[in-house]
Amino acid sequence: MTRETNLEGVNLVVAGVTGAVGQEFLRVLEERNFPIRRLALLASPRSAGKIIPFRGKEYTVETLENFDPSGYDIALFSAGGGVSKAQAPRFADAGVVVVDNSSAFRMEPDVPLVIPEVNPESVNKRKRNIIANPNCSTIIALVPLWPLHRHFGLKRVVIATYQAVSGAGARALEELRRQTERVLRGEDARPEVFPHPIAFNLFSHNSEIDDEGFNLEERKMIRETHKIFEDETIGVCATCIRVPTFRSHAEAINTEFAEPVDLEEVRFLLGKAPGVRIVDDRASNHFPMPLEASDQDDILVGRIRRDPSAPRPENALAFFVAGDQLRKGAATNAVQIAELILQERSR
Ligand SMILES: NC(=O)c1ccc[n+]([C@@H]2O[C@H](COP(=O)([O-])OP(=O)(O)OC[C@H]3O[C@@H](n4cnc5c(N)ncnc54)[C@H](OP(=O)(O)O)[C@@H]3O)[C@@H](O)[C@H]2O)c1
C-alpha cells in the first residue's frame, strides 16, 4: 500500500483546485508549509489550461479524468461526490492515498472517517488507499463535543445549524453576492444555484428529504457522529438550515450526558482541547460569530450553560459554536490528515 517517499516532500495532487475548497487547500498547504516535491493541480475540462500560482511558481490546471496518478503519493480531492466515486479508486489503485472531501466513501466500513483531534489513529486502519473527511457541520460539532464526550459520556445531542452559502461551493457564494445587490436595487432575487432566494432569507438545507423527514445533511450528521465516536447508541437529532452568511457555519448544540456536568470542568476541558477556542463573554455579549470564525482554524465555543429543560438538568449542557467550514470543515482537516500520513511514513 505504501510507496517509498522522499521526506523532503511528497508528490501531491489537488483535485478540484478551482473550487471553494480547492482554493482553500492551496492557502492551507502554504500556511502549514506542507512539504511538496511535485504538485499537480486538477479540475474539470472547463478549467484545463488555467494558470494558478503557488509558492512563487505557476501551475497549469490539468483535467482530472485524463490524469495519470502514477508516482504521486497523496491526492486531496474536493471535486464532488460523483467525481470522487469515479476517480478516487483509480488513484488509490495506483498507490496514491486519497483524502476525499465528498460524502462518496464516508460510510464505507473500510474507509476511515477522520477528525485528527478526535480519532487520528483511524488513519492507520485504512484497508484501501482512501480516507474520508467528514461533513463540515459534523466536524464543527464534534471537535468541541469530543472532550466532553470522553469526560461525561454523551447520551444525546440536538443540533440546529446556521450554514453559510460557501458550503454549497463557489457558485453559491456568488449567488448570495449577486442576489443581495439585486434585492437592494429593488429587483427579483432570481435564484439559480439554490432552490429559493437566499439574500435576506433562510431555508431548510438544500438537500433531499427522506421518508422520516430528515434531509441528507442531517442524516450525514447523525451517521457520521456514530461512526467517528464509534457509538451507535448516542441519540443525534439535527435541523440543518442555510443562512445568508458568506462563510463559516454556526450551530446551536444541546446535549445530555451520562454523568453530571460541572460547568467549571466544561470550561477547563474546552479550554485545553486542541482546535477549540472559548468565546464566551457574557458581560459584553460577545459569543461565537461566523465573521470571527472565518479565515482561521479554531472552532469558537460560547453561550456555555446548563439546559434546565432536560429531564436531568444537572447532566445537560447547551452551547453555541462557529467554525470555518472551508478550513476546519474541509481543507484544514484534510491537510491535517495528510500530515498524519507523512508522520506514518517517516516512522
Ligand atoms: N464548500 C464547503 O464548505 C465544503 C465543505 C466540506 C466538503 N465539501 C465538499 O467538497 C467538494 C467540493 O466542494 P466545493 O464547495 O469546493 O465546490 P465548488 O466550489 O463547486 O468546486 C468544485 C470543484 O470540482 C471541480 N469539478 C467539477 N466537476 C469536475 C469533473 N468532472 N472533473 C474534475 N473536476 C471537477 C470543479 O472544477 P471546475 O472549476 O473546472 O468546474 C471545482 O474545482 C464537494 O464534494 C463538497 O461536498 C465542501
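1. Which helices each supply at least two residues of the shell around the ligand? They are helix H1 (20–31), helix H2 (81–93), helix H4 (170–184) and helix H8 (327–346). Helices here are DSSP runs (H or I, at least four residues; strands are E, at least two), numbered from the N terminus.

2. Two words on the ground rules. Please keep in mind that this is a predicted model, in which local features need pLDDT of at least 70 and side-chain atom pairs count only at pLDDT 80 or more, while totals for chains, interfaces and linings use all residues. Residue numbers start from 1 along each chain as its sequence is written.

3. Back to the ligand, which 30 residues surround; a residue qualifies when its C-beta atom, placed from the backbone, lies within 6 Å of the molecule. The closest are Gly19, Ser44, Ser47, Ser102 and Gly169. H1 gives the largest share of the shell, 3 residues. Sorted by class, the shell holds 11 nonpolar, 16 polar and 3 charged residues. In this scheme Ala, Val, Leu, Ile, Met, Phe, Trp, Tyr, Cys and Pro count as nonpolar, Asp, Glu, Lys and Arg as charged, and the others, Gly among them, as polar.

4. Now the domains. The assignment gives domain 1 (10–133 + 330–346) and domain 2 (138–325), with bounds that come from an automatic or database domain assignment. Their C-alpha centres lie 25 Å apart. Domain 1 brings 13 residues to the contact and domain 2 brings 17 residues, where contact means C-beta atoms, placed from the backbone, within 7 Å. On the domain 1 side, H8 provides the largest share, 3 residues, and that side divides into 6 nonpolar, 5 polar and 2 charged residues.

5. The crossing is right-handed, meaning that the near helix is turned clockwise from the far one by less than a right angle, with anticlockwise being left-handed. From H1 come Val21, Glu24, Phe25, Val28 and Leu29, and from H8 come Arg327, Ala330, Ala331, Thr332 and Val335. By class this contact has 7 nonpolar, 1 polar and 2 charged residues.

6. Next, have a look at helix H3 (residues 136–152) and helix H6 (residues 263–272), whose axes come within 9 Å and cross at roughly 130°. H3 is therefore oblique to H6, and their crossing is right-handed. Pro144, Pro147, Leu148 and His151 of H3 meet Val266, Leu269 and Leu270 of H6. The residues of this contact are 6 nonpolar, 1 polar and no charged.

7. H3 has another partner in helix H5 (residues 216–229): the two axes come within 10 Å and cross at roughly 35°, in a right-handed crossing. On the H3 side you will find Ser137, Thr138, Ala141, Leu142 and His149, facing Glu217, Lys220, Met221, Glu224, Thr225, Ile228 and Phe229 in H5. Here the classes are 5 nonpolar, 4 polar and 3 charged residues.

Definitions and conventions:
Axes fitted to C-alpha atoms, helices over the stretch in contact; angles between N-to-C directions. Parallel < 35°, antiparallel > 145°, perpendicular 65-115°, else oblique. Contact = placed C-beta atoms within 7 Å.
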